[in-house]
Amino acid sequence: MTMIIGQRGIGYCTLAVDARRRDHVTQDIRNVKKLHKLSDQIIVAQGGAGSGAADDIVSELKLRTAGALNDIVSCIEIVREAAPSIMEDAASRWRANGLQIPPTQLIFASVDHISGIGVHVAIRLNDLSVTQFNESGPYFTGSNTLLIQEKASEEWFRLMDADDTSMAYDNYAIAVAQHLEHVDPMNIGLPVDVGVVRLNQCDFECVIRENLSQANDPDPRFLLAL
């Protein structure tokens, strides 16, 4: 299971992902990288217990774009071309162990250069269906979406009661991961990686912080105006 949370706003879009992965055959737990920078304009998170396949698809994205990719539409086209064979190979390995590959997805984050508002686009790798979110607001998903929505919303409302105008997103992501780890430590846990894409006039900037496990003084790059 994976925690993926984000926030869309004027001039920014974020994603935060936990690093824990459980092998559904051996039950081994290890930390992996699930958040990636594709360019100054786009970051992508991967989720689902079939993340081995998502690893391969993200590698294909990086290989084909070499950091020059500037729009999510092009990302989706590459995924739709590369994913079917990769997912079928992964599904075959799961079937060989008597298992069915679960829902697996990629979540892209960027900022629309016309509206200036953050955008999240999700593509489900099992069937290549796409969902897009273009309005300001939070984004919660993962292998157990209801649990993630519950814990992320609880922490969200706790913070909004104190200050509904801004949020230190890096510390928020750490807190949500801590809550989820307490409930389901086999599948979700610290550390977390947090990324933000910002648009200032015509200039894009992307920042990713990795291996966060304890809230500290907020990084000003992740201070969001709500």
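Predicted model: local features only at pLDDT ≥ 70, side-chain atom pairs only at ≥ 80, totals over all residues.
Strands of a sheet pair through backbone hydrogen bonds, either parallel or antiparallel. Here, two strands count as paired if DSSP finds at least two bridges between them. Strand S2 (residues 12-18) and S12 pair in the antiparallel sense, over seven bridges. They belong to an open sheet of five strands, in the order S10-S1-S2-S12-S13, with antiparallel pairing. Strand S10 (137-142) and strand S13 (203-212) stand at the edges with a single partner strand each, so one side of each has no neighbour in the sheet. From one strand to the next, the twist averages 10 degrees.

Now for the helices on that sheet. H3 packs on the sheet and touches strand S1 (3-9) and S10, where contact means heavy atoms within 4.5 Å. The direction of H3 makes about 145 degrees with that of S10. H4 packs on the sheet as well, touching S1, S2, S10, S12 and S13, and its direction makes about 150 degrees with that of S1. Axes are lines fitted to C-alpha atoms, for helices over the stretch in contact, and angles run from 0 to 180 degrees between N-to-C directions.

How do the two helices meet each other? Helix H3 (residues 145-162) and helix H4 (residues 169-183) pack at an angle of about 135 degrees, and their axes are 9 Å apart. H3 and H4 are therefore oblique to each other; angles under 35 degrees count as roughly parallel, over 145 as roughly antiparallel, 65 to 115 as roughly perpendicular and the rest as oblique. On the H3 side, the residues in contact include Leu147, Trp156 and Leu159, while those on the H4 side include Tyr172, His179 and Val183.

Next, look at strand S7 (residues 105-111). Seven of its seven residues are buried, so S7 is largely enclosed by the rest of the structure. Buried means under 20% relative accessible area, exposed over 50%, and partly exposed in between (1.4 Å probe, protein chains only). Both faces of S7 are covered, with Gln105, Ile107, Ala109 and Val111 on one side and Leu106, Phe108 and Ser110 on the other. Strand S6 (residues 42-47) runs antiparallel to S7, joined by five bridges, and glutamine 46 stands opposite leucine 106. Seven bridges join S7 to strand S8 (residues 118-124), again antiparallel, and phenylalanine 108 stands opposite valine 121. The hairpin of S7 and S8 has six residues between the strands, and glycine 116 there takes a positive phi near 75 degrees.

Finally, two loops. Isoleucine 101 lies between helix H2 (72-96) and S7, and this residue is buried, with a relative accessible area of 14%. Asparagine 187 sits in the loop between H4 and strand S12 (192-200), and counts as buried at 10% relative accessibility. Leaving aside neighbours within four places in sequence, asparagine 187 is in contact with Met1, Asp18, Arg20 and Arg22.

Key:
Residues numbered from 1 in each chain as written. Heavy atoms only, no water. Helix = DSSP H or I, 4+ residues; strand = E, 2+ residues; numbered from the N terminus.
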